[in-house]
Amino acid sequence: MSAIFITSTGTDIGKTFVATGLVRHWRGKDQPVDALKPVATGFDAVTSAASDPGLILAALGHPISLDGIDRISPWRYAAPLSPDMASWKEGKAVDFDALVEFCRRAIANHQGTLLIEGIGGVMVPLDDRRTVLDWMAALGIPVLLVAGSYLGSLSHTLTALDALRRRAIAVSAIVLNETPGSTASMADTRATLQRFAGPIPIVTLARGATDLSEIAALL
Ligand SMILES: Nc1ncnc2c1ncn2[C@@H]1O[C@H](COP(=O)(O)OP(=O)(O)OP(=O)(O)O)[C@@H](O)[C@H]1O
Ligand SMILES: [Mg+2]
């Protein structure tokens, strides 16, 4: 029974796309799966169906109710900012210890596969002192790193890998998710990335892909 943290090189790179695709993959095989998005910013209850928690609940086949959203995303903020900035605006800081405890409990109790979507990239601040990197290190579960194929992604991805390596966080795989309109070739980007990523497997994901079995097989 595995638990995987889904992180990325930045915001809007494809974490939720990959998380929901994997949930659908395992549900399609009748294998137990759950997914959490513990910290969500830019959250508006009126448009919750389109939010990360809403998309994840839909993929899980659960109704998009306040109870459901509370269960998978207890830390929600309105401002579309990093958690430290969004929570500062609401005077309600992310309680780092409670966040880690929430995830640890879920990891200890889950059946099948548990996916935990982070927020933003690997080093987005959660509060005044801690970033997502501290959160991942505290959980000690392997991560799936989602990267784009845009020009410039190589440096972002290698920087992210270096930060993860320094904290001894295991990377199960890198998903090279196609960036629309990218001038860089997917194949060349992948080949270059593989030279630096050593044994970490890299899976390419095309726009609109629905079959995530190759990624699932690595988790
Ligand atoms: N391979 C893909 N094919 C088609 N659409 C994609 C793909 N990857 C991402 N998208 C779309 O790109 C947008 C950004 O992706 P997504 O929401 O998954 O990013 P994210 O990393 O979860 O962002 P956030 O930091 O806000 O959580 C979404 O509209 C998503 O549906
Ligand atoms: Mg997301």
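Which polar backbone atom is 3.2 Å from a nitrogen atom of ligand 1? In this predicted model, the atom belongs to Ala206; a polar contact is here a pair of N or O atoms within 3.5 Å. Side chains also take part: a polar atom of Asn177 lies 2.8 Å from a nitrogen atom of the ligand, and one of Glu117 lies 3.1 Å from an oxygen atom of ligand 1. On its own, ligand 1 has 630 Å² of accessible area, of which the protein covers 73% (Shrake-Rupley method, 1.4 Å probe).

The shell around ligand 1 consists of 15 residues, with Thr11, Lys15, Thr16, Phe17 and Gly208 the closest (a heavy atom within 4 Å). By class, three of the shell residues are nonpolar, six polar and six charged, Gly being counted as polar. Helix α1, residues 15–28, contributes three residues, the most to this shell (helices are DSSP runs of H or I with at least four residues).

Ligand 1 sits in the largest pocket, the criterion being that more than half of its atoms lie within 2 Å of the grid points. A pocket is an open set of points on a 1 Å grid over the protein atoms alone where a 1.4 Å probe fits, with protein on both sides within 12 Å along at least five of seven lines, and lining residues have an atom within 4 Å of a point. The volume is about 630 Å³, taken as the space filled by probe spheres set on the points. Of the 31 lining residues, Thr11, Asp12, Lys15, Thr16 and Asp52 lie nearest the pocket centre. The lining comprises 12 nonpolar, 12 polar and seven charged residues. Both α1 and α2 (52–60) supply at least two lining residues each, and α1 gives the most, with three.

Residues are numbered from 1 along each chain as written, chains are lettered from A and ligands numbered from 1 in written order. Local features need pLDDT of at least 70 and side-chain atom pairs pLDDT 80 or more, whereas totals for chains, interfaces and linings use all residues, and side-chain values use heavy atoms, without hydrogens and water.

Note on methods. A polar contact is a pair of N or O atoms within 3.5 Å; within protein, one must be able to donate a hydrogen and the other to accept it, and residues adjacent in sequence count only if both atoms are side-chain atoms.
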